[in-house]
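Here are my notes for you to read alongside the model.

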Amino acid sequence: MNEVKSELLVKERQLVIPGETLAMGLDFLPSSGCYREDNEIKAKLLGLVRLKDRFIGIIPLAGVYVPKLGDGVIGFVEDMQNTLWVVDINSPYDSILPLGEAVGEYIDLNKTDISIYYDIGDVVYAKVLSVSKTKSVVLTMNDQRSRKLMSGRILKITPSKVPRLIGKEGSMIELIKNKTKCQIIVGQNGIVWVKGEKEALASKAILTIENESHISGLTDKISAMLDKGELI
Amino acid sequence: MLKASENYVKKIVEEEMRIDNRRFDEFREIKIETDVIKNAEGSARVLMGNTHVLVGIKMSVASPFPDTPDEGMLIVNAELAPIASPTFEPGPPNEDSIELARVVDRGIRESHCIGLEKLCIEEGKEVWEVNIDIHVLDHDGNLIDAAALGAMAALLRTKIPRYENKRIVFGDYERQLPINDRPIAITVTKISDKLLIDPNLEEEDALDARITISTNEKGEICSLQKGGEGYFTTEELERAADLSILKGKELRNLLGN
Amino acid sequence: MTKVGKPDQMIIKGKRLDGRDLEEFRPITLNVGVLKRAEGSAVFKFGDTYALAAVYGPKTMHPKHMQNPQKAVLKCIYSMAPFSTKERVRPGRSRRSTEISKVLNEALSNVIFFEDYPKTGIDVFVEILQADASTRCAGLNAASLALADAGIPMRDLITTCSVGKVEDKIILDVGGYEDNYGDVDMAVAIIGNQDKIVLLQMDGIITKEEFIKMIKLARDGCAKIYEMQKSALRERYKTGEEDVES
């Protein structure tokens with residue numbers, strides 16, 4: 001069998017379509033969002049190419065959140081049982097917050113209704129403690145950033161766009177926080193919490209990033225938008 | 001009864017073998033009996049290996065469709081009776097029984113096998129309706145071919161009752177149902193990139209894709225239905241067509257006239 | 001035994017009743033991301049046939065006992081709006097829509113990476129808003145785009161078109177008149193532009209040779225649609241930089 005010469009057919013951040021051939025030959029390896037078919041590496045998703053050494057991956061432009069160990073996520077308490085809360089983390093997979101991971105002190109379950117800690121409808125910022133093989137998630141509040149989030153507003157963005165919203169070393173999110181005087185917490189699951197002076201302006205900036213994450217020059221555009229301070 | 005696993009079936013097909021030692025283009029033993037249901041205007045029983053299908057035909061009178069006011073009508077229904085398989089649930093027809101009925105229907109309808117234009121009683125008002133009811137009694141694969149064969153065998157024996165004073169006189173027959181052709185459905189199954197006919201249940205559970213090709217006496221194709229979650233290449237489709245035409249002739253000979 | 005209303009001639013001097021050449025498509029329109037709520041969505045039109053597809057998921061699969069611990073489960077439902085045809089269609093499922101839902105589901109199952117989302121459900125809804133033949137083809141083209149739009153991992157897109165036979169001539173993209181009064185109607189779907197046929201249904205009488213010719217014509221037609229689908233997806237995320245030399 002002839003050896004196929006290895007050849008990379010795409011550039012970093014190039015938009016590709018499912019089924020598109022990204023590289024030929026056996027030198028390249030498929031990373032997330034790609035698959036190998038015989039001698040070719042192809043895209044599985046509509047998204048942007050990401051190259052790292054010999055690995056080719058795709059950053060999806062749409063898609064749901066798949067829980068990962070260590071992720072900080074914003075969730076909504078939707079149910080309670082005796083010793084745990086069921087939390088909606090904007091994912092097709094269930095997540096629970098066990099009593100032991102939420103409360104430091106000893107509790108007499110016969111006398112205490114755990115809803116005094118977290119009740120249905122509460123919004124929390126938690127950490128993913130474990131993800132089982134069948135993708136069942138256990139959350140923990142045992143982390144310095146974890147807490148209940150009160151008031152403010154909640155936005156939803158595509159999970160794969162979270163890095164864009166945060167920016168290199170947090171540059172984008174700091175820019176928005178400073179110019180709108182808001183606290184902002186970005187969950188890896190695509191849920192964003194905003195609270196402060198100019199919440200509406202911050203929301204507009206965040207939604208602009210969501211819609212234009214594939215376009216470069218975004219930082220300048222957002223900066224200008226925040227300086228102008230208009231909502232249109 | 002132990003069932004062979006999907007992987008086992010795929011493996012032995014790769015080695016050009018089948019569980020029951022048949023050739024890829026070989027049918028199981030087929031038995032056809034006609035006139036098995038007294039109250040039906042036509043009926044047949046087909047045994048294809050352990051698959052057992054009963055087809056009954058009832059004639060009724062109905063209003064014709066507006067765009068074909070002088071033509072009779074055809075309705076095909078299929079029942080996957082719960083007695084036939086642990087996987088058949090009682091209740092309204094599910095997608096498998098609907099597909100079965102519609103595929104058998106198209107093979108018969110598109111070949112113009114029934115002389116529908118000879119079934120007019122009063123143009124625009126009353127025509128004969130041919131009701132074909134397929135009842136699967138035992139499921140060991142290849143229901144479509146068995147049902148289509150049973151329907152054809154039953155149609156060849158169907159008689160039209162007398163129609164007097166707006167009433168059908170059952171049991172008193174005027175003439176045979178006019179039949180112009182004998183379409184036969186052959187389902188070609190793809191397993192491990194090989195093509196086989198007449199899959200039994202285990203082979204059906206292991207298939208990648210199947211294609212049902214109905215052919216008429218002239219060897220023309222009168223209806224096609226691809227099923228299963230796999231695919232066919234053009235070359236495989238051509239081979240499947242050849243196989244269906246060939247095997248269609250073989251099954252047609254079992255029907256007699 | 002001719003149907004009432006059948007035109008005397010359906011092909012006049014090599015042109016069809018609507019002026020098309022034998023191997024010409026009706027005007028095709030595609031748009032991706034047309035609905036706000038659905039994860040992914042698309043519109044696909046062949047002339048007056050107008051299909052809209054929406055994808056929800058991957059999401060938690062209910063009922064739980066239908067979950068597959070290793071794969072996502074696809075539910076594809078085809079339905080016609082009551083006002084889509086000349087004679088009103090009764091809303092709800094019919095035997096025909098059940099069968100079409102099944103074959104669409106089987107076609108799409110060829111390309112989705114179900115193992116990437118175990119235990120979840122993926123719902124694809126195909127709505128025919130206006131019907132002028134080849135509805136399942138328009139619907140499947142739209143569904144394929146909607147799945148890509150939703151970020152569902154796929155091997156490739158699925159492309160579909162119809163071919164037929166009228167007055168012994170083989171035609172591409174069967175329109176309403178041709179479906180009603182013509183002799184043959186065949187729907188073909190393939191993976192990308194590969195020789196892999198994932199949907200095939202035909203009504204009518206053809207010889208084996210005509211069959212193979214029609215498959216080849218369909219594949220050529222699908223290749224054209226494939227290019228349009230890819231353009232439509234790229235169009236959704238245009239950055240305005242594409243024309244600049246880098």
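1. Two residues are in contact if their C-beta atoms, placed from the backbone, lie within 7 Å. On that basis, 26 residues from chain C and 17 residues from chain A make up the contact of these two chains. This is a predicted model, where local features need pLDDT of at least 70 and side-chain atom pairs count only at pLDDT 80 or more, while totals for chains, interfaces and linings use all residues. Residues are numbered from 1 along each chain as its sequence is written, with chains lettered from A and ligands numbered from 1 in the order in which they are written.

2. On the side of chain C that touches chain A, β5 (49-60), α2 (135-149) and α4 of chain C each supply at least two residues. Helices (H or I, at least four residues) and strands (E, at least two) are DSSP runs, numbered from the N terminus. By class, this side of chain C has twelve nonpolar, six polar and eight charged residues; Ala, Val, Leu, Ile, Met, Phe, Trp, Tyr, Cys and Pro count as nonpolar, Asp, Glu, Lys and Arg as charged, and the others, Gly among them, as polar.

3. Now for chain B: 32 of its residues are in contact with 29 residues of chain C. The elements of chain C that each supply at least two residues here are α1 (95-108), β11 (197-206) and α4 (208-236). β11(C) gives the most, with ten residues. The side of chain C that touches chain B has 13 nonpolar, seven polar and nine charged residues.

4. β11(C) also pairs with strand β12 (residues 221-227) of chain B, in the antiparallel sense and over four bridges. Two strands pair if DSSP finds at least two bridges between them. Within this pairing, D203(C) is the bridge partner of S223(B).

5. Chain A has an open sheet of four strands with mixed pairing, in the order β2-β7-β8-β4. Its edge strands, β2 (15-16) and β4 (29-30), each pair on one side only. β4(A) runs parallel to β8 (residues 55-60) of chain A, with two bridges, and F55(A) is the bridge partner of L29(A).

6. Finally, a contact between helices in chain A. L201(A), A205(A), T208(A), I209(A) and E212(A) in α4(A) meet L218(A), I222(A), M225(A) and L226(A) in α5(A). By class, this contact has seven nonpolar, one polar and one charged residues.
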